[in-house]
Amino acid sequence: MALSLSARNVVKRYGGVTALSNANLDVNAGEVVALIGANGSGKSTLSKIINGVVVLDGGQLLLDGQFMEFSSPQAAKNLGISTVFQELSLIPQMTVAENIWLAREPLKRGGVIDRKMIREKSDALLNLFAGTYKSSLHPDVTVTSLPPDEKQIVEILKAVSFDPRLLILDEATASLDSRQVERLFELVKRWKQEGKAIVFVSHRMEEIFRIADRYSVLKNGVTVGTGAMKDVNTKDIVSLMVGEESAENAVERKKAVAQNLSGSSVELDVNELRTDFLKGLTFQLHKGELLGIGGLKGQGQRDLLLALFGDLKYTGSINFSGELVHFKNTRQAMNKGVALVPGERAKEGLLFIRSILENLLLPSWGEYGFPTRMRKARESANRIGSTLNLKMAGLDEPVTGLSGGNAQKVVIGKWLLRNPRLLLLDDPTKGVDVGTKAEFYRLLARLCADGLSVLFYSSDDEELLGLCDRVLVMHDGNIRQELFGETLTKSNLVAASLGASRESMQ
Amino acid sequence: MNKHQWQTFTLHNPYLFSLLLLVIITLVNLFVQPDMFHRDTINNNMRVFLPLILLAAGEAVVILGGGIDISVGSIVSIVNVILATQVGLQGNPQKMYLMMGFVLLVGMAAGAINGFFVAYMRLQPIITTYATSFLYAGLALFILPNPGGGIPQSFSSFYRDTTPLGLPLAFFIIALILLAWGFVQQTRYGRYLSAVGGKADAAYETAVPVSAIQFSTYVAAGLMAALSGIAVTMLVSSGNSTTGDQLTLSSITAVVIGGTTLSGGVGGVAGAMIGAVILGLIKNIISFANIDTWWQTFVNAAIIVVALAAPGVINLFRRKR
């Protein structure tokens, strides 16, 4: 039966955060609809509402013209809605066949699972991608031992194994190689002809243009545009995602940063840096420069920062203040004056139940001798606290009591106590209030003026545009583009994030 | 064997290491106790091991499903005191059968309380069952404040002397459980269990009834604890409200020695039962090896530590290569 599904004015809140405020999506049998949006625009949330994993707070879902309410994934599944999850819904310890047929195992008499049938059916499914596997992917291998691309394929096969009427592909191509993507697209075309409806969520602009018939663009939880793919080009889509360039920039531009860099020396010279994910990065960072790193989440930014901090194995050469270094652990990096403000403040940045004092001094206790000279330690902590304008009831209060912004100041403060020469920032303003952000920008400007070099990854494009004179946009483990001067505009930044080539933007 | 095959192999046969350990421990035991394979000795040993074997089998189901139950020992105590007080040394067999049926229900009810809080109220399993363990232990103490009571002589001698086909009764009970477990593994329920324990979020997204599965594991553990309680009562033929106290941690240890990971998703009942036998044999070895009383606990614990660490060490060496 031909299917039509439409989501109207969908609202979803998580606690105080509104993920979707007015999201709309229509999809019909025999078409591919691309769901497009930047980080945190609500794409995944919307797809999870359609497949019943999360329950909507407002708006409605219409299936074949009928008002629907999915209380569980089971309910959606029974109506023929299937999903390839971005985070994969596979059980690592179970085999490929067990995963594909989980909860839908063919049974023999007496409720016993029909293993022979499972094996045959799995073989048939695996044949869909035959010839694109690197290792010997067969039904009885455990999923945990598979490489990422084959896990992704198993997830796709699992979703199509029960012949769904609506298939949601959430970032299904992210870990596939080009041959596998080709094969998937052939299959998608076939499924389309068979009358399946397909929702295609992807960051890769080129793929969207190849496969989708229609598009729906989300921006901050609101659907800002829908239409036929043939009527638009990359530039149109990007401008929908970016929205009207607001007259007053949210971030005050700090021109003072990094002006006379031509004269300053190269502090960090990275050559062909490779990890499991990074594909050979080469760039330079000058003394006193604030170099931005942009791009969508998970394009290797974290790997880059961790590799520089000695927390990830890499190959390639790193020249740090005129000296060839290869940090094998974080201690070596710390001793050379590298500091990392990690992405997950609560998990990696702070000892959450300990006091502010302990957190501030954690990397530098060694300098206060044994037995610890507590008075000197407290003086240092107080000094850095006042430099950072840290609002606290006292040094002995637990960090849990601090607001997001103040807690982040503690993370930065603990490194500043060590007088670093290179500061690596992994999305430092995430969950930080506006006032503290402004303070933080001023602090960065001051530190750079004092000769500190900063590598600054941010998921907030405005921030990069406002603070940095040069931004490296990462995509798929590579530096996609280096933007500076006139090329450093919001549309260029977004386009490069999506992997769109520069030509398609002209 | 390459890395992938090895991973798949060990995930499919998690009890292999415990089987190896069982052979080693048995050889050592044979060395200190030469008549170990004599019919009476085996029967005596298995009779003593059976309560822990049953308890570990139930605990394995919970742990495989991603939870943990530290109230099972207290359920054993409740069952023990109910039987000892309600039937009595002079009680008639009918009453005993009736009460045996009743305590099985009690065990499942206790498990259902645990399961309700963990699966539907989403409380932490370890904290919840720690709390309910006191609830159940307190109830047992209320029922029988001082050790005493008993069950009819005929039942303890039945438990002691029944050897169908010349084999200990325990062997048949173990075989029954293995058969039942083998069947469960062939059903959807078995798959759900591994899925929920392996990655509950993914299982939920795949439309597995996660909460119902979690709930059921605690009921199963409660039932097995009740069976274990019946076995203990027949073994000691008297009541004591602290009977099950030391059994809880032993059952968890047995499960882990049996190859079930505490994080869930890998393992099973067979390994746990092997683990329980291993723990029993270790105690046996110590009592026959004339080890100074002061050192017994130490030696016992040291062997257990080695047994727990060994699989990890093997994998470490494989990775280095």
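Which residues in α12(B) are buried? The points below take this up along with other features of the model.

1. **Basis.** This is a predicted model, in which local features need pLDDT of at least 70, side-chain atom pairs count only at pLDDT 80 or more, and totals for chains, interfaces and linings use all residues. Residues are numbered from 1 along each chain as its sequence is written, chains are lettered from A and ligands numbered from 1 in the order in which they are written, and side-chain values use heavy atoms, with hydrogens and water left out.

2. **Helix α12 of chain B.** The buried residues in α12(B) are L247(B), T248(B), S251(B), I252(B), T253(B), A254(B), V255(B) and I257(B). Buried means under 20% relative accessible area, with a 1.4 Å probe and protein chains only. The helix spans residues 247–257 and is mostly covered, with eight of its eleven residues buried. Helices are DSSP runs of H or I, at least four residues, and strands are runs of E, at least two; both are numbered from the N terminus. G259(B) follows α12(B) and has a positive phi, near 90°.

3. **Nonpolar cores.** A nonpolar core is a set of buried Ala, Val, Leu, Ile, Met, Phe, Trp, Tyr and Cys residues joined through side-chain atoms within 4.5 Å. The largest has 89 residues; I53(B), L83(B), M96(B), V208(B), M234(B) and V269(B) touch the most other members. Helix α3 of chain B (residues 39–64) gives the most to this core, 14 residues. A second, separate core has 75 residues, among them Y314(A), I384(A), F440(A) and V471(A).

4. **M234(B).** Contact means heavy atoms within 4.5 Å. Neighbours within four places in sequence aside, M234(B) is in contact with M96(B), M100(B), I151(B), F155(B), S156(B) and Y159(B).

5. **Strand β4 of chain A.** Strands pair if DSSP finds at least two bridges between them. Five bridges join β1(A) (residues 4–14) to β4(A) (residues 58–63), antiparallel. Here L63(A) in β4(A) stands opposite L5(A). Three bridges join β4(A) to β5(A) (residues 66–68), also antiparallel. In that pairing L63(A) stands opposite Q66(A). β4(A) and β5(A) form a hairpin with two residues between them, and D64(A) in the turn has a positive phi of about 50°.

6. **Four-stranded sheet.** In chain A, an open antiparallel sheet has the order β12-β11-β14-β15. β12 (279–286) and β15 (323–325) of chain A stand at the edges with a single partner strand each, so one side of each lacks a neighbour in the sheet. β14(A) (residues 315–320) pairs with β15(A) over three bridges, and F320(A) stands opposite E323(A).

Technical notes:
Buried means under 20% relative accessible area, exposed over 50%, partly exposed in between (1.4 Å probe, protein chains only).
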